[in-house]
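Please keep the sequence and the model in view while reading.

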Amino acid sequence: MREIFPFELFHLGGDEVNTDCWNTTPHVKEWLQDKNLTTKEAYQYFVLRAQQIALSKNWTPVNWEETFNTFAENLHPRTVVHNWLGPGVCPKAVAKGFRCIFSNQGVWYLDHLDVPWHEFYTAEPLEGIDDSSQQKLVLGGEVCMWAETADTSNVQQTIWPRAAAAAERLWSSKEAISSGNINETALPRLHYFRCLLNRRGVQAAPLTNKLARTPPIGPGSCYIQ
């Protein structure tokens, strides 16, 4: 895999691990007994072992925030903590010297159809981080597209154009976002961008519908806008 992916970062996961089944799977239960480990300790063992393998291949490990929340003191110092459960994790991570990626599910999960464009746009990856040196430890952000309710018939409409709102947020300073009325500044640009996507064959949904990826309320929305 190292030959295929010549990049610095390698995401090792580590989120939503249900360890209950480990005690009911005979060979895993036997392994736990041989190692004298609880399931919680085995979770840590697995994550740290995977980190060492990645580091030996000159990858920087990225792990979801559950690993940081559970055993931050044992994570490798090069670990990049990937936030998703909510706000407040990146400030804690950078305070301990870790780098962080912002993906707060409350504002940057595309499969949350009730999150409107303006919440994607006004989300603040540096929220709660005032120290400039710690701010530099936030690598950026990522909007996440999970597919429990998506397939080829609706995935483009779910991603676009809300992902573009987050993109503009990431390359804009906090001061630029907070000044002016975004309905007069950002919204017309995103309307126009959505129509450009449509012209290129990308099935981007209307921007201001109550739920993402729903059809327009009338015909020819790009011409009207």
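Helices here are DSSP runs of H or I with at least four residues, numbered from the N terminus. The model is predicted, and in it Gly201, which lies just after helix 11, takes a positive phi of about 90 degrees. Helix 2 is likewise followed by a residue of positive phi, Asn58, with a value near 65 degrees.

| Helix | Number of residues | First to last C-alpha | Expected at 1.5 Å a residue |
|---|---|---|---|
| Helix 2 | 18 residues | 26 Å | 26 Å |
| Helix 11 | 14 residues | 20 Å | 20 Å |

In helix 2, which runs over residues 39–56, the buried positions are Thr39, Ala42, Tyr43, Val47, Ala50, Gln51, Ala54 and Leu55. The cover over these buried residues includes helix 1 (26–35), strand 2 (60–64) and helix 3 (65–71).

Helix 11 spans residues 186–199 and packs with helix 9, residues 162–170, at an angle of about 130 degrees, the two axes lying 10 Å apart. The two helices are therefore oblique to each other, and helix 9 passes helix 11 in a right-handed crossing. On the side of helix 9, Ala164, Ala165 and Glu168 take part in the contact, and they meet Ala186, Arg189, Leu190 and Phe193 of helix 11.

Within helix 11, Ala186 and Leu190 are buried, as are Leu187, His191, Arg194, Cys195 and Leu197.

Terms used: Residues are numbered from 1 along each chain as its sequence is written. This is a predicted model: local features need pLDDT of at least 70, side-chain atom pairs count only at pLDDT 80 or more; totals for chains, interfaces and linings use all residues. Side-chain values use heavy atoms; hydrogens and water are left out. The expected span of a helix is 1.5 Å times one less than its number of residues. Buried means under 20% relative accessible area, exposed over 50%, partly exposed in between (1.4 Å probe, protein chains only). Contact means heavy atoms within 4.5 Å. Axes are lines fitted to C-alpha atoms, for helices over the stretch in contact, and angles run from 0 to 180 degrees between N-to-C directions. Angles under 35 degrees count as roughly parallel, over 145 as roughly antiparallel, 65 to 115 as roughly perpendicular and the rest as oblique. A crossing is left-handed if the near helix is turned anticlockwise from the far one by less than a right angle, and right-handed if clockwise.
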